[in-house]
Every structure is written in C-alpha cells, then in structure tokens.
Amino acid sequence: TVHHQIVIIGGGAGGITVAAQLLRQNSKLDIAIIEPSDKHFYQPAWTLVGAGQYHALDTVKDEQELIPAQAKWLKDYVEKLDPDNNLVVTHQGTQVFYDYLVVAAGIQIDWHLIKGLPEALGKGGVCSNYIFEIAPYTWELLNNFAGGNAIFTFPATPIKCAGAPQKIMYLADDIFRKNGVRQKTKITYCAATAKIFAVDAYAPTLMKVVERKGIDLKFKHNLKEIKADSKEAVFDVSTDGGVQEVTLPYDLIHVAPPMSAPDFIKNSKLATPAAPALGWVDVHKHTLQHKVYPNVFSLGDASSLPTSKTAAAVRGEAPVLVENLLAFINKQALNGYYNGYTCCPLVTGIGKTIMAEFDYDGNPISTFPIDQTQEHYTMWLMKKYALPWVYWNRMLKGQAFEGSFLRKLQGKK
Ligand code: FAD
C-alpha cells in the first residue's frame with residue numbers, strides 16, 4: 001500500500017504534460033505516475049512513418065527520460081478504480097491511495113471487434129498506422145504496390161486523430177503516382193461516417209482533394225470482417241432500408257480500427273453512466289473536473305471531453321486542468337476554462353497540409369496568419385518538423401502553450 005498526494009494514471013501525452021506543468025508551478029507536490037510501458041511514443045508521426053516520410057525509431061523515447069525528476073514512476077498498470085475510497089489498484093496488486101487523481105490513460109484499440117483482423121494484421125496487404133510495430137509495414141506495402149484495389153477504412157466509433165485514416169490515403173495516392181502505378185490502382189475510402197470530416201470549415205477543401213486525386217468515396221460503410229484468404233473486406237452498409245452486407249476485394253487495406261474507453265474505466269464509477277457516451281471519464285467539458293468525484297480530473301483520449309481526440313487537444317487541456325486542480329487543492333474557485341481547442345493537421349499529400357484547428361462548436365481557431373482551411377506547404381513543414389520538436393521539447397517539459405501566445409500576438413482570442 002502506498003499513498004501519494006496526486007496520482008496520475010498514464011504517462012502518455014496527457015500524463016507527462018500535466019505532471020511537468022504541476023511541478024513547474026510547485027516542485028514540492030508529491031506526484032506519482034502509474035504507467036506500464038518502458039517506451040513513450042509520438043503517435044502523430046506514425047502517419048508519416050506509413051508514408052516513408054519519418055523513421056519509426058524517431059517516434060519513440062524511453063519513458064524514464066520523460067518522467068519529471070521530482071515525480072515517482074510506478075511501473076504498473078491500473079486494473080481497478082475505487083473513487084469512493086480514493087484508491088486505485090494495480091495489476092501487481094499494489095493499493096495506491098491518493099488525495100487527487102488525474103486520469104490520462106488514453107484510448108483502447110479494439111482490434112478484436114473486426115473478425116479476422118487480429119490474425120490478418122501486418123501481412124498479406126493488411127496494415128494500420130494505429131500501431132507502432134505495423135506502421136512501417138504500411139510504407140512497405142505502399143511503396144511496393146503494383147496496382148489493384150487499395151481500401152482505406154474509418155470505423156463507427158470515436159477514434160484518436162479522426163483525420164489519420166484519410167491522411168494516409170492522400171499520401172498513398174502521391175506514392176502510387178510517383179511509382180507509376182496510380183493508373184492501375186483504384187483507391188476507395190470506406191467510412192462508417194456520413195461525411196468526409198466532422199467540421200464543415202474544412203470539408204470543401206477535402207472534397208476538392210478527393211476529386212483531384214480521383215478517390216472513390218463510400219460512406220456509411222462499416223468494416224466488420226477481413227477475409228485474409230480471399231483478400232476480401234466485409235462491410236455493414238447502412239441504407240434507408242436497413243443494413244446490407246457488402247464485400248469488396250482488396251489488394252491493400254489500411255484499417256483504422258474501432259476504439260473505446262479503456263475497460264478498467266468503462267467498468268468503474270468514474271465512467272459516464274449511460275450510452276452513447278461509451279464509458280469515458282465523466283468530466284465537465286470546460287473545467288475537466290469529474291462530475292461526481294471533485295478530486296478527480298481527466299484529460300486526453302480517455303476523457304469524456306466532446307472534442308476531437310488529439311495530442312494537440314491535450315496541449316489545450318493540460319494548462320486548464322493544472323490551473324483548476326491547483327485551485328481545487330487551495331480551496332479556490334475553478335477559473336480555468338477549456339473551449340474544446342483541438343488541431344488535426346490534415347496531410348493531403350507529400351508537401352501539403354490543411355492545419356485544421358477548431359473548438360467544441362467547430363469554429364476554426366487559427367494560430368497562423370494564413371487561411372488555414374486551405375492546403376499549405378508551410379503547414380506540412382510544421383507537421384513534419386516543428387510539431388514533433390514542440391512535443392518533446394516544450395509540451396512534455398511543461399512549457400506554456402505557444403499556440404495561445406501566437407494567437408494573442410495577433411489580437412485573436
Ligand atoms: P496516450 O498518449 O495514448 O497515453 C496514454 C498512456 O496511458 C499510455 O502511455 C499507456 O501506456 C497508458 N495506459 C494505458 N492503460 C493504462 C493503465 N491501465 N494504467 C496505467 N497506464 C495506462 N494527435 C495530434 O495532435 N495530431 C496528429 O496529427 C495525430 N495523429 C495521430 C495519428 C495516429 C496514427 C495516432 C495513433 C494518433 C494520432 N494523434 C494525433 C493522437 C494522439 O497521439 C493522442 O490523441 C494523444 O497521444 C492522447 O494523449 P493521451 O495522454 O490521452 O493518451
């Protein structure tokens with residue numbers, strides 16, 4: 001049995017950022033981070049890894065290097081949450097008591113919900129950038145593709161980085177053209193959703209990209225099975241008359257798998273009580289404080305915050321969580337306010353990116369003095385070079401959010 005003043009579950013983007021920011025404000029805080037993995041990944045670059053634009057090994061660092069020196073690392077994973085007793089229980093059976101809890105455990109990938117996928121993944125033309133080990137295989141497939149049917153899917157659940165399933169498709173189109181196989185290739189986007197992107201400001205530009213690249217769009221197509229032997233993908237297609245099964249042949253398929261809240265959260269009292277919210281940590285969307293247990297806060301993919309789940313969103317959430325948690329500890333009012341800020345660098349080809357930044361209501365929040373609803377080479381450079389640097393050297397070190405500073409300089413909100 002151990003006790004810490006502040007316990008953080010997860011040492012990913014959210015957990016490390018919050019720990020670093022808290023300790024910058026008060027180095028005397030007693031903080032423990034519970035994180036099972038030796039490695040920490042910069043997941044946003046996996047899209048570029050899949051397109052041969054980034055080395056996989058450059059997306060990973062040792063977790064040890066990133067845990068702030070004053071924080072204690074408990075290398076274990078949480079299995080049970082008992083908020084009535086301010087207690088979490090780990091896999092190894094350690095009882096960790098806390099005064100304040102921050103949940104930043106990320107999202108769970110449910111590969112098993114697609115029949116045949118776990119066995120098929122990583123060979124025979126089936127790839128996914130959603131896993132570190134397989135992203136290099138995406139590149140191998142794209143670069144060696146000799147033509148045929150290339151399918152890119154988007155699932156029916158919330159996912160992290162909702163743009164990633166289409167970014168790799170646009171990059172694939174460029175690679176096929178460069179390799180002279182585009183004319184022999186049919187590219188199809190099969191999405192369970194009804195439109196190309198949830199935020200309307202960026203959809204017209206994306207539709208132009210789709211048209212320019214000659215991509216076939218199939219909406220309301222929800223992947224449910226991979227038949228590896230016959231190289232077929234089976235979809236449930238919603239129509240006015242109900243759900244119909246459609247089978248499409250593939251030579252290459254990039255799968256964005258279904259995802260959900262981690263099981264240990266779903267099965268706990270911290271989870272949102274009812275569908276359709278699917279068991280995320282039930283926090284107030286502006287303060288990040290739990291709706292029932294006031295000494296619990298959450299951010300990032302595991303939280304119920306109704307924004308697009310990205311590391312950029314974490315960049316906007318962390319300062320608010322830190323401000324409010326410190327205020328709560330000091331018995332003051334919670335003045336930190338999160339407006340839903342998130343950012344999805346929509347890579348539309350090699351050298352092209354739409355830097356989509358928006359709030360809860362889908363209002364664009366533009367950090368740069370350019371029209372961010374359009375494709376830009378400078379934004380590609382941001383995605384490929386600047387953002388990874390900012391992540392490792394500023395965000396995870398608890399430095400202030402440069403985006404809000406840049407916007408203030410321009411007199412923007
Ligand atoms: P994570 O960073 O995933 O961290 C969660 C941590 O919790 C992990 O270290 C995990 O080991 C740990 N954990 C899990 N279970 C437990 C447990 N039971 N107990 C203790 N610890 C646990 N974001 C962008 O901003 N821009 C992009 O362009 C972008 N592109 C992406 C492309 C891909 C292919 C992927 C996969 C992601 C992309 N993202 C992007 C999303 C971004 O990586 C995540 O939104 C971000 O990492 C969320 O931070 P988090 O702290 O909530 O979760």
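Biologist: How many Å separate the centres of domain 1 and domain 2, taken over C-alpha atoms?

Modeller: Happy to. This is a predicted model, in which local features need pLDDT of at least 70, side-chain atom pairs count only at pLDDT 80 or more, and totals for chains, interfaces and linings use all residues. Residue numbers start from 1 along each chain, as its sequence is written.

The centres of domain 1 and domain 2 are 30 Å apart, taken over C-alpha atoms. The contact between them takes 15 residues from domain 1 and 18 residues from domain 2, where contact means that two C-beta atoms, placed from the backbone, lie within 7 Å. On the side of domain 1 that touches domain 2, α2 gives the largest share, four residues. That side of domain 1 divides into eight nonpolar, five polar and two charged residues; here Ala, Val, Leu, Ile, Met, Phe, Trp, Tyr, Cys and Pro count as nonpolar, Asp, Glu, Lys and Arg as charged, and the others, Gly among them, as polar.

As for the bounds, domain 1 covers 2-107 + 261-338 and domain 2 covers 109-259, with limits that come from an automatic or database domain assignment. The ligand lies between the two domains because both of them give residues to the shell around it. Of the 37 residues in that shell, Gly10, Gly12, Gly14, Gly106 and Gly300 come nearest; a residue belongs there if its C-beta atom, placed from the backbone, lies within 6 Å of the ligand. The elements that give two or more residues to the shell are α1 (13-25), α2 (46-50), α9 (311-329) and β20 (342-349). Helices (H or I, at least four residues) and strands (E, at least two) are DSSP runs, numbered from the N terminus. By class, the shell holds 21 nonpolar, 12 polar and four charged residues.

The UniProt record, an unreviewed entry, annotates residues 5-117 as "domain: FAD/NAD(P)-binding"; such annotations may be inferred rather than shown by experiment. The end C-alpha atoms of residues 5-117 lie 42 Å apart, and the span is 20% helix and 34% strand.

Now for some local detail. Strands β6 (residues 78-82) and β7 (residues 87-90) run antiparallel and are joined by four bridges, where pairing requires at least two DSSP bridges. Val78 has Thr90 in β7 as its bridge partner. The two strands form a hairpin with four residues between them, and Asn86 in the turn has a positive phi of about 50 degrees. Most residues other than glycine have a negative phi.

Leu288 is found in the loop between α8 (263-266) and β19 (296-298), and it counts as buried, with 29 C-beta neighbours inside 10 Å.

Finally, Asp251 sits in the loop between β16 (242-249) and β17 (252-254). Leaving aside neighbours within four places in sequence, Asp251 is in contact with Gly125, Gly148, Asn149, Ala150 and Lys231. Asp251 and Gly147 are 104 residues apart in sequence, yet 8.0 Å apart in space, C-alpha to C-alpha.

Note on methods: A residue is buried if 20 or more other C-beta atoms lie within 10 Å of its own, exposed if 12 or fewer, and partly exposed in between; C-beta atoms are placed from the backbone.
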